[in-house]
Amino acid sequence: MTTRKRNKPSLPESDSDKTECEAAKRLAHCQSDMNTVGHNDPLHHHLSPYFSMRHSPRLTYSFFNQPCVELAKAFLGKVLVRKLTDGTELRGKIVETEAYLGGEDKASHSAGGKRTERNTAMFMKPGTIYVYPIYGIYLCMNVSSQGEGAAVLLRSLEPLSGQDVMRGLRAAKRKPGAKSLKDKELCNGPSKLCQALDIQRSFDRRDLATDVEVWLEMDPEKEAIVDAGEVVMAPRIGVDSHGEWATKPLRFYLRGHPCVSVLNKDAERRMDSQSDTERTVC
């Protein structure tokens, strides 16, 4: 006689089974999100643990991968973030930059295509941080762009958060008893912003698109692109000995902003004159 097997009654799904099922779904969802990041994008291999994989506020390689002048302008209004070892995040909006084109740009450290141990970061992929010392004691922070040996100098920031910490970091580099700095004085110069955000020489050659201690974000309260009418184009600072390159308008700043290091009234008057001419033509 053939014995027919009886199917065992199905048991109710346990809480642990539900948890495992939900976890599997979340994992599949995360893997799907990762697949949306291009394989050629550095984030595909270096996703930071400090950011979600979707809708991350930080700017990625594609932002930095543009010509030097365009990148220098695009930096304006973006937010530079520095995460300290204790977890404190210092934030400042970029309000002033300078473009250094490399090659024929005689004011650039990479003029003539000269590559040295010091300026190697300028020849690395767009978004690479280039930190160099001046006067033996101060530092300046640059970011490489498209173009052989091209990079953008970050000149000034508007402090957005962590001002008291910035003030302490600046005070540590100043003479004892010096007057306390106002917020607008904390980052209104390339070396000042490096002090205020504790940008160190060791940051040289790091990738601003993937680093976990310093990165760039959109300003959530502003539009993605700064209006061209707000941007002053003027000669760069401290390059007077470089002939015609000393007068080229490769410095960019937000007009009327109190954190700009040096105003150029002539450049601003030219802007006004050009605007008047355009209105007359219209």
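User: What makes the contact between the side chains of Asp164 and Arg167 a salt bridge?

Analyst: The term requires a side-chain nitrogen of Lys or Arg within 4 Å of a carboxyl oxygen of Asp or Glu. For Asp164 and Arg167 the N to O distance is 3.0 Å, so the pair meets the definition. The model is a predicted one, in which local features need pLDDT of at least 70 and side-chain atom pairs count only at pLDDT 80 or more, while totals for chains, interfaces and linings use all residues. Residues are numbered from 1 along each chain as its sequence is written, and side-chain values use heavy atoms, with hydrogens and water left out.

User: Where do Asp164 and Arg167 lie?

Analyst: Both belong to helix α4 (residues 163–171), where they stand three residues apart, about one turn of the helix. Helices are DSSP runs of H or I with at least four residues, strands are runs of E with at least two, and both are numbered from the N terminus.

User: Why is Asp164 called exposed, and why is Arg167 called buried?

Analyst: Buried means under 20% relative accessible area, exposed means over 50%, and partly exposed is in between (1.4 Å probe, protein chains only). Asp164 has 62%, and therefore counts as exposed. Arg167 has 19%, and is therefore buried. Elsewhere, salt bridges that share partners join Arg82, Asp198, Arg206, Asp211 and Glu213 into one network.

User: What makes the pair of Arg91 and Glu217 a salt bridge?

Analyst: The closest N and O atoms of Arg91 and Glu217 are 3.0 Å apart. Arg91 is in strand β2 (residues 89–100) and Glu217 in strand β6, so the pair links distant parts of the chain, 126 residues apart. Glu217 is buried, as its relative accessible area is 6%.

User: Why is Pro159 called buried, and which residues does Pro159 touch?

Analyst: Pro159 has a relative accessible area of 8%, and is therefore buried. Contact means heavy atoms within 4.5 Å. Leaving aside residues up to four places away in sequence, Pro159 touches Arg91, Gly92, Met166, Asp183, Leu186, Cys187 and Cys259. Pro159 itself is found in strand β5 (residues 151–161).
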